[in-house]
Amino acid sequence: MSEPSPVADPYAYLNIVKNPDGSITRDLTNFPCTAATPDPSPLNPAVSKDLPVNQLKSTWLRLYLPSSAVNEGNVSSQKLPIVVYYHGGGFILCSVDMQLFHDFCSEMARDLNAIVVSPSYRLAPEHRLPSAYDDGVEALDWIKTSDDEWIKSHADFSNVFLMGTSAGGNLAYNVGLRSVDSVSDLSPLQIRGLILHHPFFGGEERSESEIRLMNDQVCPPIVTDVMWDLSLPVGVDRDHEYSNPTVGDGSEKLEKIGRLRWKVMMIGGEDDPMIDLQKDVAKLMKKKGVEVVEHYTGGHVHGAEIRDPSKRKTLFLSIKNFIFSVL
């Protein structure tokens, strides 16, 4: 079996053009979007609707509620866990309403029997990090003060999980770090854990998995290098704490996560170039006293369950078991 051809031009691969002013032009042809589905239907695993978060920043979120919670006029007294889900896209691409993320969140709301809140965040390079982290935290403030009827009727504020895929996993991790210092401010929201699905991490030195999967066709290192170049603060390299959590033996805030007894689920695919970095971060968290559940799947590429709906059931079952082990 021949080796796949390496990606020669990461900008062409990503369908982006870098402009003289530092912004990028995105060709979103390959990222079809879909409207929310507010009306219960047997075809929809969940009902969903869009709500503004910060109109000055043009940030918003899509809220998902399992259809079973509203079907047949049934208003259950059972309160549901909240999963705050941040989408992926290397901090430079994609959106909450992308069809793949919408379907993923709809099915997740149904299979976990949870409320899923998927916030938007400003993209780089127009808004470099930590802008996305700021927006991720602001979404938590929105949830805790929301007067939305679905939230008021169905949400269990004492069981909140931060989750994301790829860049969204990095975002969930960093929003978690920020939140350890504001636990009382977040009340009545209580974060119980982080679910890091194929989180986007990087470093200056190539890991063994990055070398082994240098010609990966989904998310090769030559492409993630460009994503980091466009999203990190100007003048820093990939060994910045935003991209490489293991630098300098990690954040002291990890020990606070351990003391707060938040649990972390690290989910990765063995055919993802970032797998070694993800395992290194899990090892670091354990060293800092954090309880980590690791879930790695052979043959899975980066973001496998986003791209392939047939892989989602197994993933959601694992996440459901994790959530109920925490509750």
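This is a predicted model: local features need pLDDT of at least 70, side-chain atom pairs count only at pLDDT 80 or more; totals for chains, interfaces and linings use all residues.
View 1. Helix α8 contributes the most to the lining of the largest cavity, giving three residues.

**View 2. The largest pocket.** The volume of the largest pocket is about 470 Å³. It is lined by 25 residues, and those closest to its centre are Phe 31, Gly 89, Cys 94, Val 218 and Arg 307. The lining of the largest pocket consists of 15 nonpolar, nine polar and one charged residues. At least two lining residues come from each of α1 (10-14), α2 (99-112), α8 (221-231) and α11 (304-307).

View 3. His 198 sits in the loop that runs between β8 (191-197) and α7 (208-212). With a relative accessible area of 0%, His 198 falls under the 20% limit and is therefore buried. A polar atom of the His 198 side chain lies 3.5 Å from the backbone oxygen of Val 301. Leaving aside residues up to four places away in sequence, His 198 touches Thr 165, Ser 166, Ile 267, Gly 268, Gly 269, Asp 272, Gln 278, Val 301, His 302, Gly 303, Ala 304 and Glu 305.

Technical notes
Residues are numbered from 1 along each chain as its sequence is written. Side-chain values use heavy atoms; hydrogens and water are left out. On a 1 Å grid over the protein atoms alone, a cavity is a set of points where a 1.4 Å probe fits but cannot get out, and a pocket is an open set with protein on both sides within 12 Å along at least five of seven lines; lining residues have an atom within 4 Å of a point. Grid points are joined across faces, edges and corners, and a volume is the space filled by probe spheres set on the points. Helices (H or I, at least four residues) and strands (E, at least two) are DSSP runs, numbered from the N terminus. Ala, Val, Leu, Ile, Met, Phe, Trp, Tyr, Cys and Pro count as nonpolar, Asp, Glu, Lys and Arg as charged, and the others, Gly among them, as polar. Buried means under 20% relative accessible area, exposed over 50%, partly exposed in between (1.4 Å probe, protein chains only). A polar contact is a pair of N or O atoms within 3.5 Å; within protein, one must be able to donate a hydrogen and the other to accept it, and residues adjacent in sequence count only if both atoms are side-chain atoms. Contact means heavy atoms within 4.5 Å.
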